[in-house]
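Thanks for coming. I have one structure for you today, and I will go through it region by region. Here it is.

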Amino acid sequence: TLGLERMLELLKTHWIPVDYTSTTQQDRMKKEGVRMLTEYFNQFHTSEVEVERLECLFKIRVEDELFLTGKMDRVDKKADGVIEIIDYKTGSMPKEKDLQKNIQLSLYAIAAGDKGTFGKPLSQIKLTFYYLQDMKKITMEKTEADIVLAKQEVQNTVKNIRAGDFTPNVGPWCDFCPFR
């Protein structure tokens, strides 16, 4: 119910001008923020949405002594009892095959199924990414197999961290990475 003008005013008021290499870059990013908010509001905003929670914190048990915490950007309540977990992305949308493998939404589904969070079965959980750079909304559901794979990935990652195994994924970003 804020309206577009109020949203843009909040962006201006709460803009944090840090981590930019120049005022030119900062100005460009601020303009991009205005563009994204305006297009999002015009394309996706509806006053009928029932927001259940914003910045929803969760803590899930992956195995006996392994817990994972996180935060969901937004959770909407649908009329049929379904919840939609929404995550906003400011970058470009990845390829579809990479989206299906994304562990983030699987972890949100695990959290939403936890009795301490929402206690919902997978059939009542929708998972949505909004890619604000491209103004794309991607909604998907996860299966039990996706959940098992996500838990295994977390367990393997933790095992590697505990073993001190930080094998890099070599790519064009390596020139800028302090890990070298």
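Helix 2, residues 23-44, contributes the most to the lining of the largest pocket, 9 residues. Before going on, this is a predicted model, in which local features need pLDDT of at least 70 and side-chain atom pairs count only at pLDDT 80 or more, while totals for chains, interfaces and linings use all residues. Numbering runs from 1 along each chain as its sequence is written, and side-chain values use heavy atoms, with hydrogens and water left out. Helices (H or I, at least four residues) and strands (E, at least two) are DSSP runs, numbered from the N terminus.

Back to the pocket. The term comes from a 1 Å grid over the protein atoms alone: a pocket is an open set of points where a 1.4 Å probe fits, with protein on both sides within 12 Å along at least five of seven lines, and lining residues have an atom within 4 Å of a point. The largest one holds about 1,200 Å³ of space; that volume is the space filled by probe spheres set on the points, with grid points joined across faces, edges and corners. There are 37 lining residues, and Met 7, Leu 37, Tyr 40, Tyr 88 and Leu 132 lie nearest the centre. Helix 1, strand 1, strand 2 and strand 3, like helix 2, each supply at least two residues of the lining.

What is the lining made of by class? It has 19 nonpolar, 8 polar and 10 charged residues. In this count Ala, Val, Leu, Ile, Met, Phe, Trp, Tyr, Cys and Pro are nonpolar, Asp, Glu, Lys and Arg are charged, and the others, Gly among them, are polar.

Now the overall fold. The protein has 5 helices and 5 strands, in the order α-α-β-β-β-α-α-β-β-α along the sequence. The C-alpha trace spans about 50 × 50 × 30 Å along its principal axes. Of the 180 residues, 30% are buried, where buried means under 20% relative accessible area, exposed over 50%, and partly exposed in between (1.4 Å probe, protein chains only). A contact means heavy atoms within 4.5 Å. Among contacts between residues at least 6 apart in sequence, 58% join residues at least 24 apart.

Next, the inside. A nonpolar core is a set of buried Ala, Val, Leu, Ile, Met, Phe, Trp, Tyr and Cys residues joined through side-chain atoms within 4.5 Å. The largest has 28 residues, and Met 72, Ile 85 and Leu 127 touch the most other members. Strand 1, strand 2, strand 3, helix 4, strand 4 and helix 5 each give two or more residues to this core, with the largest share, 7 residues, coming from helix 4. A second, separate core of 7 residues includes Met 36, Phe 44, Tyr 130 and Met 135. As background, nonpolar side chains tend to be buried together in soluble globular proteins.

Is helix 4 mostly covered or mostly open? Helix 4, residues 103-113, is mostly covered, with 9 of its 11 residues buried. Among the elements covering those residues are strand 1 (51-63), strand 3 (83-89) and helix 5 (144-162). At the start of helix 4, a side-chain oxygen of Asn 102 comes to within 2.7 Å of the backbone nitrogen of Gln 104.

A few single residues. Asp 76 lies in strand 2 and counts as buried because its relative accessible area is 1%. The side chains of Asp 76 and Arg 74 are joined by a polar contact of 2.5 Å. A polar contact is a pair of N or O atoms within 3.5 Å; within protein, one must be able to donate a hydrogen and the other to accept it, and residues adjacent in sequence count only if both atoms are side-chain atoms. Beyond four places away in sequence, Asp 76 touches residues including Val 49, Val 82 and Ile 86.

Glu 55, in strand 1, has a positive phi of about 50 degrees and is partly exposed, at 45%.

Last, two distances. Gln 152, in helix 5, is 26 Å from Glu 55, C-alpha to C-alpha.
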